[in-house]
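Please look at the structure below with its aromatic rings in mind. A pair of aromatic rings is described by the distance of the centres and the angle of the planes.

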Amino acid sequence: MSSHTFGLAGIMGWPVAHSRSPFIHNYWLKKYGINGAYVQLPVAPGSLGIAVPGLAALGFRGCNITLPHKVDVLKLVDEVDVMARRMGAMNTIVVQPDGSLKGFNNDGYGYIHSLLDAKPDWRADAGPITVLGAGGAARAVVLSLADRGAKEIRLLNRTDAKAQALAKEFGSPVKALPWSERHAALADVALLVNTTSQGMHGNPALELDLTALPLSALVSDVIYVPLETPLLAAARLRGNPTVNGLGMLLNQARPAFEAWFGVMPEITSELRQSIEASL
Ligand code: ATR
């Protein structure tokens with residue numbers, strides 16, 4: 001790797017103080033006895049263009065990238081992995097042995113593995129999937145579900161045009177439906193995903209009538225504050241299995257840690273519980 005024996009990584013964003021990533025990566029550094037640190041890198045939008053090229057010179061193995069930089073950072077790295085290119089956004093930079101920068105996006109990996117952790121026999125082709133929202137999180141969720149073999153993804157967004165644009169960009173199996181049809185779009189689905197900000201701490205709950213949703217459908221939310229959104233609570237109360245957004249956060253961190261530090265880390269129950277306690 002690099003000549004630096006101290007392994008340095010971090011999270012670049014604006015703001016970054018709320019991020020749980022330092023907790024996760026520093027837990028793993030300690031657990032695996034790796035000499036290093038994962039630090040906050042608060043970088044204002046106007047400074048991204050000088051901060052990113054400085055990573056290698058500062059001895060960083062790489063970093064995570066969060067809001068508002070996930071799209072703008074694409075043009076600042078030497079190479080972009082195919083998944084990040086298709087998503088149009090990056091969440092991880094890895095400094096290569098020659099000092100060049102390669103960009104990745106592990107959010108889709110994190111999402112799929114959060115479902116598999118909850119339900120090891122989960123399959124993307126088990127039935128129709130309904131995804132609510134068409135922002136950055138929706139791009140990661142929809143692309144990863146399509147790659148896993150989903151046959152029908154119904155995409156609905158408050159601003160219909162954004163769902164239509166995404167369906168056009170991604171093509172089959174994604175079909176955009178009008179937001180007004182979200183209640184009926186739950187019929188026959190095997191998986192319902194909320195990627196909107198509705199239900200997040202400080203925001204109102206998603207307005208959604210679950211009557212048409214089969215009781216066997218898995219209901220997932222990418223939100224993890226709170227751990228149980230009003231959508232997940234309503235789904236659980238009527239008997240649906242549910243998956244919260246914490247697993248996506250934990251699972252997206254694993255391949256990044258491996259790329260920087262050479263160990264594929266485990267999500268222990270101790271790690272999960274201590275993060276849950278901090279939320
Ligand atoms: P992220 O990167 O987390 O996906 P984002 O790109 O800002 O964040 O996307 C937020 C999503 O929440 C969008 O799909 C947004 O819908 P619009 O495209 O219509 O803005 C959705 N959203 C935000 N407020 C909403 C509301 N009150 N009702 C329904 N959807 C909402």
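This is a predicted model: local features need pLDDT of at least 70, side-chain atom pairs count only at pLDDT 80 or more; totals for chains, interfaces and linings use all residues.

Residues are numbered from 1 along each chain as its sequence is written, and side-chain values use heavy atoms, with hydrogens and water left out.

The structure holds 5 aromatic pairs, where rings of Phe, Tyr and Trp (its six-membered ring) pair if their centres lie within 6.5 Å, and where planes under 30 degrees apart count as stacked, over 60 as edge-to-face and the rest as tilted. Two of the pairs are listed here.

| Pair | Centre to centre | Angle between planes | Type |
|---|---|---|---|
| Trp28 and Phe257 | 5.5 Å | 70 degrees | edge-to-face |
| Tyr32 and Phe257 | 6.4 Å | 50 degrees | tilted |

Because Trp28 lies in helix 1 (residues 21-31) and Phe257 in helix 8 (residues 246-261), their pair ties together parts that are 229 residues apart in sequence; helices (H or I, at least four residues) and strands (E, at least two) are DSSP runs, numbered from the N terminus. Tyr32, in the loop between helix 1 and strand 2 (36-42), is 225 residues apart from Phe257, and this pair also links distant parts of the chain.

Trp28 is buried at a relative accessible area of 0%, and Phe257 is buried at 0% as well, whereas Tyr32 is partly exposed at 28%; buried means under 20% relative accessible area, exposed over 50%, and partly exposed in between (1.4 Å probe, protein chains only).

Ring pairs join Trp28, Tyr32 and Phe257 with Tyr38, Trp260 and Phe261 into a cluster.
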